2 protein chains.
Amino acid sequence: MPAGNLLYAQSGGVTAVINATASAVLHTARTRKVRVLAARNGILGALGEELFDTSALTSAEIKGLAHTPGGTFGSCRLKLKSLTEDRAKYARLLDVFKAHDIRWFLYNGGNDSADTALKVSQLAAEFDYPLTCVGVPKTVDNDLAVTDCCPGFGSAAKYTAVSVRECALDVAAMAETSTKVFVYEAMGRHAGWLAAAAGLAGTGKDDAPHLILFPERVFDEADFMAKVAAIVKRVGYCVVVASEGIRTADGRFVADAGGGKDSFGHTQLGGVASHLAGRVKDVLGHKVHWALPDYLQRSARHLASKTDLEQAMAVGRAAVECALNGQNAVMPVIVRDADAPYHWHIDIAPLSRIANHEKTMPKGFIRKDGYGITTAARHYLLPLIEGEAYPPYVRDGLPNYVVPKMTLVRRRLPAWNG
Amino acid sequence: MPAGNLLYAQSGGVTAVINATASAVLHTARTRKVRVLAARNGILGALGEELFDTSALTSAEIKGLAHTPGGTFGSCRLKLKSLTEDRAKYARLLDVFKAHDIRWFLYNGGNDSADTALKVSQLAAEFDYPLTCVGVPKTVDNDLAVTDCCPGFGSAAKYTAVSVRECALDVAAMAETSTKVFVYEAMGRHAGWLAAAAGLAGTGKDDAPHLILFPERVFDEADFMAKVAAIVKRVGYCVVVASEGIRTADGRFVADAGGGKDSFGHTQLGGVASHLAGRVKDVLGHKVHWALPDYLQRSARHLASKTDLEQAMAVGRAAVECALNGQNAVMPVIVRDADAPYHWHIDIAPLSRIANHEKTMPKGFIRKDGYGITTAARHYLLPLIEGEAYPPYVRDGLPNYVVPKMTLVRRRLPAWNG
């Protein structure tokens, strides 16, 4: 058995398959006889010395995590700043690592987490502490550099495409006497990857979604309304998919325009879909409905993409192998070999190429008129939602999701009040 | 081959399995060598003499309808009034029936449709026109009398329970530094059946959903806020499921309170979830998120309940058999023989016992404190979401939903301008 322990932590928004990555990490480490501690709620737990001992998990529990959404060890939203600004925090991390004989640190997250993992590795080197830091890719936002795609995105993309196809069939059946315009709000504050995935729901000219609103394009209400009106006239109804991050020419988020106070002076929370629906009603007079799936779109393990699941597990396995091989300050990434049939393999990239870079959607993925996706986008996106990977169901009709009871290891350091 | 044609029409909101009922109707009629015409957009198409000839559908298309959401022949929201008030419409229906030799009329819908089918049968008798009228049960609202449950409800219930369990796992993972209160809005203007189904997502005291708001109970904001605060303190987060139809003591819909005008004077569409989320933020200061699945919950064929699908097809088959046996003014209904394991059979009930009755949720289904479901509710609901009935997927990762091209039969009457 190698000396020392491996620490696994995850940060940022969870996904339908981040537990699958954790499952692969635990399984691979076990076969290599390495003990894994898992930080409770990500880097917060690492700082606070709240570390789960995963040795107590049964093999069935580890296997079950692969089909369970959410993040079983918890996650957090906490970005560490530069080594200078947040030196106390980085130093504390090293103290915790030393106290628990952490020799390998796996950090699962997005751009920020890649940056943190890189900085931790730099500080360890500075102090001559033998530590191997490996990033693990994850984010429904699909905005990590280098990797072909990000585990978590494919399943959210599949949920989006399937849901839009389904509700469009509903709207089509009722449009003559009921809802004529339907607005679906997709996650994506900076990049329209999930909104683009909705484009997979249709292939013909008049198939839903009829209009996709990307944060990469300026939202022009008058142009949008003209298009909605024309589509309702031609098709009988119009299904719109809007990224939460769309902005008007002055740079303001459309979602913010919808907020404010209601007639009682109470906070009215914003939202792109509800705002657009209200405007369509005001301007065009059509009956409108809208949907805001919110966290449902990133936790829908019941509709996970098999491709996404396989990649989520592959990066987990590869991360452990990298770590145990002493490959420091790297991240396993997905490399696309071919679109159709889709072939991919895992490569190892330096964190320095990933940290603080953001992959935006290529210009060639958005149709010239700005309201749909191109063939190139379709070729990129389709393989990522391919295949189904259903969770097992128990007799009561619900997925058999696994929520293991876990215990924290005993603290060895004074409490941290950073 | 029996003389005459069968007319199939559907009305009201569509469901994930109403096409499965249509599929069973078409298949059964075909084996009995009866030609089926299908009204375009429900009773509107019957009035307007817009009748699809289903003879042109292939067997594969009919089979495919069983796994396709939406309503392939269309539906509408149009309630016929009494025979006196809407006599011209009823007379027009008889004219259309005569012109196309309709001898059997199958009307798929909720309470209103059962009432319409009953009145059509009465008028036909008055005019000595030989017509057999059969209602077919359907509604995600689950509010039809006599039948144990309504096809369409079980699948929407399964979607609700699974989605709430999934997003609760997401919230749990992030609550320490992110969203602490999550509000999920369920359909149900008058009865809380779908909100109740969310209760299946958890079994333990602190399992989500922590609070369910039923339209059957008066919404008391102060009491609600106290409960949310206590749950966040004890559990770390709180998942709320709210029926769209909840009201305050003065009888006003909470959803309406959330509407009004935004800061630009634009219409701000209401909604229970966004309103409650805003209030939680104002009163308790917690970070909140909310979801409004809207039509997604009734069109999610990808997550249909196998029980629901089987019942949807069984009522379709039985309706054709009833009609061809000359059982007039009846509806096939589902009778529960046992809860666990669930056994049910189809019975035939007179439309007069169903039309204009509304099945409300039994008082014994809501917990004494008003915020959850009882064991009795659980025993009733669980069998309805049992089993999975996945649609086939094509290689591109999307369900292979079937949208047949159909042609209308040639009109034989002057246009109708009622």
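## Parallel sheet of chain B

In this predicted model, Val181(B) stands opposite Val288(B), a residue of strand 11 of chain B. The two strands concerned, strand 6 (residues 181-186) and strand 11 of chain B, are paired in the parallel sense through four bridges. They belong to an open sheet of four strands in chain B, whose order is 7-8-6-11 and whose pairing is parallel. At the edges of this sheet stand strand 7 (211-213) and strand 11 (288-291) of chain B; each has a single partner strand, so one side of each is left without a neighbour in the sheet. From one strand to the next, the twist averages 20°.

Helix 6 (residues 153-174) of chain B lies across strand 6 and strand 8 (238-243) of chain B. The helix runs at about 165° to strand 6 of chain B.

## Parallel sheet of chain A

Chain A likewise contains an open sheet of four strands, with the order 7-8-6-11 and parallel pairing. Strand 7 (211-213) and strand 11 (288-291) of chain A are the edge strands, each pairing on one side only. With direction ignored, neighbouring strands of this sheet are turned by 20° against each other on average.

Within the sheet, strand 6 (residues 181-186) and strand 8 (residues 238-243) of chain A run parallel and are joined by six bridges. Tyr184(A) stands opposite Val241(A) of strand 8 of chain A. Helix 6 (residues 153-174) of chain A packs on the sheet and touches both strand 6 and strand 8 of chain A. The direction of helix 6 makes about 165° with that of strand 6 of chain A.

## Helix packing in chain A

Helix 4 (residues 87-99) and helix 5 (residues 111-126) of chain A have axes that come within 10 Å and cross at roughly 70°. Helix 4 of chain A and helix 5 of chain A are therefore roughly perpendicular to each other. On the side of helix 4 of chain A, the contact involves Arg87(A), Tyr90(A), Ala91(A), Leu93(A), Leu94(A) and Phe97(A). These meet Thr116(A), Lys119(A), Val120(A), Leu123(A), Ala124(A) and Glu126(A) in helix 5 of chain A. By class, this contact has eight nonpolar, one polar and three charged residues.

A further packing pair is formed by helix 8 (residues 221-235) and helix 10 (residues 272-284) of chain A, at an angle of about 70° and with axes 11 Å apart. This angle makes helix 8 of chain A roughly perpendicular to helix 10 of chain A. Helix 8 of chain A contributes Glu221(A), Phe224(A), Met225(A), Val228(A) and Ala229(A), while helix 10 of chain A contributes Leu276(A), Arg279(A), Val280(A), Val283(A) and Leu284(A). The residues of this contact divide into eight nonpolar, no polar and two charged.

## Salt bridges

Over all chains, a search of the whole structure finds 42 salt bridges. One salt bridge links Glu50(A) with Arg40(A), where the closest N and O atoms are 3.2 Å apart. Glu50(A) is located in the loop between helix 2 (43-47) and strand 3 (51-53) of chain A, and Arg40(A) in the loop between strand 2 (36-39) and helix 2 of chain A, so the pair ties together parts that are ten residues apart in sequence.

## Relation of the two chains

Chain A is superposed on chain B by a rotation of 180° with 0.0 Å of shift along its axis, at an RMSD of 0.0 Å. The two copies are thus related as by a two-fold rotation axis. The same surface serves both copies, since 100% of the contact residues of chain A recur in chain B.

Note on methods. Residues numbered from 1 in each chain as written. Chains lettered and ligands numbered in written order. Predicted model: local features only at pLDDT ≥ 70, side-chain atom pairs only at ≥ 80, totals over all residues. Heavy atoms only, no water. Least-squares fit on C-alpha atoms with pLDDT ≥ 70 in both. Contact = heavy atoms within 4.5 Å. Pairing = 2+ DSSP bridges. Axes fitted to C-alpha atoms, helices over the stretch in contact; angles between N-to-C directions. Parallel < 35°, antiparallel > 145°, perpendicular 65-115°, else oblique. Nonpolar A, V, L, I, M, F, W, Y, C, P; charged D, E, K, R; others polar. Salt bridge = Lys/Arg side-chain N within 4 Å of Asp/Glu carboxyl O.
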